[in-house]
Amino acid sequence: MPRVSAPVVKLVQRTTEPAGVQTLRSTAAAVIAYSAAVWLLPEPAPLTAPLTALLVVQVTLYATLTTGIRRVNSVIVGVLIAIGFSSLVGLSWWSLGLTIFTSLLIGRLVRVNEFVPEVAISAMLVLGVSQVADTAWDRVWETLIGAVVGLLFNLLLAPPVWVGSAGSSIETLAARMGTMLRSMGEEVVGNNPVSRAAARLHEARRLDHDIVEVDASLRQAEESLTLNPRVRQGLLHRVVLRTGLDTLEICAVVLRVLSRTLTDLAKARTEESLFPADVAELLQELLGHLAEAIESFAVLVTTQLAADAEAAEERLADALARSRATRDRVADLLLEDVQEHPRQWQLHGALLAEIDRVLAELDIEERTKRLGEELDRRSGEAHARHPRLRALLRRLGRQPA
């Protein structure tokens, strides 16, 4: 078998990524739309057809079906405006400005929502080339050809599923939270400077930005699963990922509060150790177990194969069991320490309460219960929204994703 060069391997790897796949799909749709327009219309260069196909072919099938109509409307309205202006006044600086103003105004009236600028863009693109067209209405036909090709392209060749990238984002978020917990475990040993504790608090607060990015990635994954014929259990995958991110978001909030508690303790104990040596050692062990539990939880919610999911659940259960056992030992030692040194006892209680909240959020039985409730709720909402569509799909022998 011939050896493949490294640059070729890298090129193939890039094209198998979602962004590369989408680039190839958009290019193919535009070329097909152009070829169809050349074959069906007398236009020498029907560029509006590939332009429309590019606008219609979205990253996900759901986005295509939900936004395609608005995109087509925006292009057609822009084309019609350009046809009118080109036939009446021609192309000049003032007619261009008037075309843009009119396009933006009419775009809002016809309710194309976020695609209002595309009305003006389409009008500008057509305004210059419509002067040489044999008939201006060919531009409308080009737009319709491009729209049909784009829609059919996504229906026949379903877009990629973005679950992998969303899963990687969730696991990266959990890994960062685990790293923070282990760092906190190192800082509870001995005297923790206030500046160091404050830096850890700021780092915990920055988790909000990571969650926003993961949420955007997850929304794209949810869209790629919706109505995608390549996915059999789209609703289940969406709910598992969404509820998993919700749990990690709550854990991130608790992690921020935990950092606040340790910072307050550092401020109150500047001349002494944060905890007695035996408490600090167990607390470091406990935070390490919590880090492992959060990371195992992320693997569990992002794993689709049954065997891998079962192994991830076992790791999570083991990490939770060790965390609870260590937590009880820490609670006993902290109680003894409070009786001897009652200063800042309320912070000790807050520390235990925050750890309990994380353990409760990661609990497997509670997660299974929440997952079932969310599946029932979403299924009920879907049936209530589209009863006729659901009945038709059942008759065809397909359950909707």
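Me: Which residue forms a salt bridge with R176, and how far apart are the closest N and O atoms?
Reply: R176 pairs with D210, and the closest N and O atoms are 2.2 Å apart. A salt bridge here is a side-chain nitrogen of Lys or Arg within 4 Å of a carboxyl oxygen of Asp or Glu. This is a predicted model, where local features need pLDDT of at least 70 and side-chain atom pairs count only at pLDDT 80 or more, while totals for chains, interfaces and linings use all residues. Residues are numbered from 1 along each chain as its sequence is written, and side-chain values use heavy atoms, with hydrogens and water left out.

Me: Where does D210 sit, buried or exposed?
Reply: D210 is buried, at 17% relative accessible area, whereas R176 is partly exposed at 28%. Buried means under 20% relative accessible area, exposed over 50%, and partly exposed in between (1.4 Å probe, protein chains only).

Me: What about R182, which residue does it form a salt bridge with?
Reply: R182 forms a salt bridge with E295, with the closest N and O atoms 2.8 Å apart. This pair links distant parts of the chain, with R182 in helix 8 and E295 in helix 12 (residues 277-302), 113 residues apart. Helices are DSSP runs (H or I) of at least four residues, numbered from the N terminus.

Me: How many salt bridges are there by this rule?
Reply: The count comes to 13.

Me: Changing topic, which residues does the "transmembrane region" annotation cover?
Reply: The unreviewed UniProt entry gives residues 23-41, 47-65 and 72-95. UniProt positions follow the numbering used here, feature names are shortened, and annotations may be inferred rather than shown by experiment.

Me: What is the helix share of residues 23-41?
Reply: That span is 95% helix and 0% strand, and its end C-alpha atoms lie 27 Å apart.

Conventions. Helices (H or I, at least four residues) and strands (E, at least two) are DSSP runs, numbered from the N terminus.
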